[in-house]
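Please keep the sequence and the model in view while working through them.

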Amino acid sequence: IWWLDPELTYGNAKPFVFTQGHSVCNRSFFPCFDTPAVKCTYSATVKAPAGIQVLMSATQSSYVEEEGVYQFYMEYPVPAYLVALVAGDLIHADIGPRSRVWAEPCLLPTAISKLSGIVERWLTAAESLYGPYIWGRYDIVFLPPSFPIVAMENPCLTFIISSILESDEFLIIDVIHEVAHSWFGNAVTNATWEEMWLSEGLATYAQRRITTETYGAAFTCLETAFRLDALHRQMKLLGEDNPVSKLQVKLEPGVNPSNLMNLFTYEKGYCFVYYLSQLCGDPRHFDSFLRAYIEKYKFTSVVAQDLLDSFLNFFPELKEQCVESKAGLEFERWLNATGPPLAEPDLSQGSSLTRPVETLFKLWTTEPLDSVAAASSVDLTKWRTFQTVLFLDRLLDGSPLPHEVIKKLSECYSSQLDSMNAEIRIRWLQIVVRNDYYPDLYKVRRFLENQMSRMYTIPLYEDLCTGTLKSFALEIFYQTQNQLHPNLRKTIQQILSQGLNPLPAIDTTAVTTDTPAMVLEDKVSEATNGAISLRDVNVSA
């Protein structure tokens, strides 16, 4: 349960509270069987002060104003982690026949302009693929930047971090991913957290089928290429033999299942589901299977064998061919082998969008650097967001770059990137930091002074502290720590404390920018995994 003072909201007017149950946190909210294997209906009575709007992930609600009491009822069985509550200075607007958006008053116009009319389009596309939407309403609430993940698929009421509103393409993908969870994850749920891919891999596959229907195959292939790049980056970081790269991860006693959330859950799971769809020869045949799968198992929890048995029974010709035992692509190997996916999708339909990225990257990384004129003629403002972040991620992978290259990159693109969304800017600023490019460091400071979100602060602080700029990071943190949620503040303090002796507490109210000391909490024994891993796993639940 996250309690926020008014200063941690956008409006700075009223306190705010929200819950985040995934994966095993709701045991601290109410007594429950906190496992996805158990589902039940629920009702709730909530009393709140006047002027505070309360919402829950429920199909029915009512409000008695004179008593300040809200009543909620979820008529369909859900696992405990999908019970969610939010309360604060929230107002709403309808954006479709069965959807409304909730946000703080200062954010509502932006939310309306970004989502009005298109959520219904996504729902209709999803229904055409996977059958009726069973939850009644599909509402969205935008939460303050303290929300610890990007989005959460609470039934009837998707939670999304407000910070993502400025990044249109990421917003589209995040909401469609949560729409897909209405079928995969919410209606049919993984019975154990060791098989989280059953929700995330299937939801990612469904998300991409929906985007293909609504935005075309090229856009879907571009987004997939961006995510698979991130998967391989994370694999390089963790090592191919790391057990967390299995789809069926062994959950040791005392380990929080949320620690197993990584890109393998999403992208390796997606690749397996995509492989199954290819065995059918036509994705529409696989859509028919998934509709039957949802109808058979809705409101229950399943294991991987339920999915695979249903698949082989639905396609008896594939069962006769023993596709589950095909050499090198055995279903059992997909589930239990470490390392990369055994097969990846053909993304050639996205070449019109990915080829310019590859060409530009090659111009900047091929020695000698004699193609600056050609490279500088590329106008990144004309690119899609996923093209730009794919390009910047690949430059990040190659950092540190030769000084001449980073200098020319800044001359060509820095002013263009300044006007772009935070998903793009943070990547450029990470390049600045990893290359110790001092002329653009002031932009890093300006960015961190205006960000309160974990996903836009942690990667930069980690990069700053990995290199030679820790004192610069300390200085910025001193100036901004009071605008950060205590949980985020503690995480950054842990990053800053790596390699330092514990320092005595001092009066932070008297700190100036040139103060050399730093208030640090007790050091943690676990080192952070690095900015790349944190950024890349910061995906929607």
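**Exercise 1.** In which helix do E213 and R209 both lie, and how many residues apart are they?

*Solution.* The structure is a predicted model, in which local features need pLDDT of at least 70 and side-chain atom pairs count only at pLDDT 80 or more, while totals for chains, interfaces and linings use all residues. Residues are numbered from 1 along each chain as its sequence is written, and side-chain values use heavy atoms, with hydrogens and water left out.

Step 1: both residues lie in helix α4, 4 residues apart, which is about one turn of the helix; helices (H or I, at least four residues) and strands (E, at least two) are DSSP runs, numbered from the N terminus.

Step 2: E213 and R209 form a salt bridge, their closest N and O atoms being 3.7 Å apart, where the term denotes a side-chain nitrogen of Lys or Arg within 4 Å of a carboxyl oxygen of Asp or Glu.

Step 3: R209 counts as buried because its relative accessibility is 11%, whereas E213, at 47%, counts as partly exposed; buried means under 20% relative accessible area, exposed over 50%, and partly exposed in between (1.4 Å probe, protein chains only).

**Exercise 2.** Which parts of the chain does the pair E267 and R208 link?

*Solution.* Step 1: the two side chains form a salt bridge, with the closest N and O atoms 2.9 Å apart. Step 2: this pair links distant parts of the chain, since E267 belongs to helix α6 (residues 263-279) and R208 to helix α4 (residues 197-215), 59 residues apart. Step 3: E267 is buried, with a relative accessible area of 3%, and R208 is likewise buried at 3% relative accessibility.

**Exercise 3.** Are E223 and R227 buried or exposed?

*Solution.* Step 1: E223 and R227 both lie in helix α5 (residues 217-238), 4 residues apart. Step 2: their side chains meet in a salt bridge of 3.3 Å, N to O. Step 3: both residues are buried.

**Exercise 4.** How many salt bridges does a search of the whole structure find, and which residues are linked in a network of them?

*Solution.* Step 1: the search finds 28 salt bridges. Step 2: the network links R233, D393, D397, E423 and R427.
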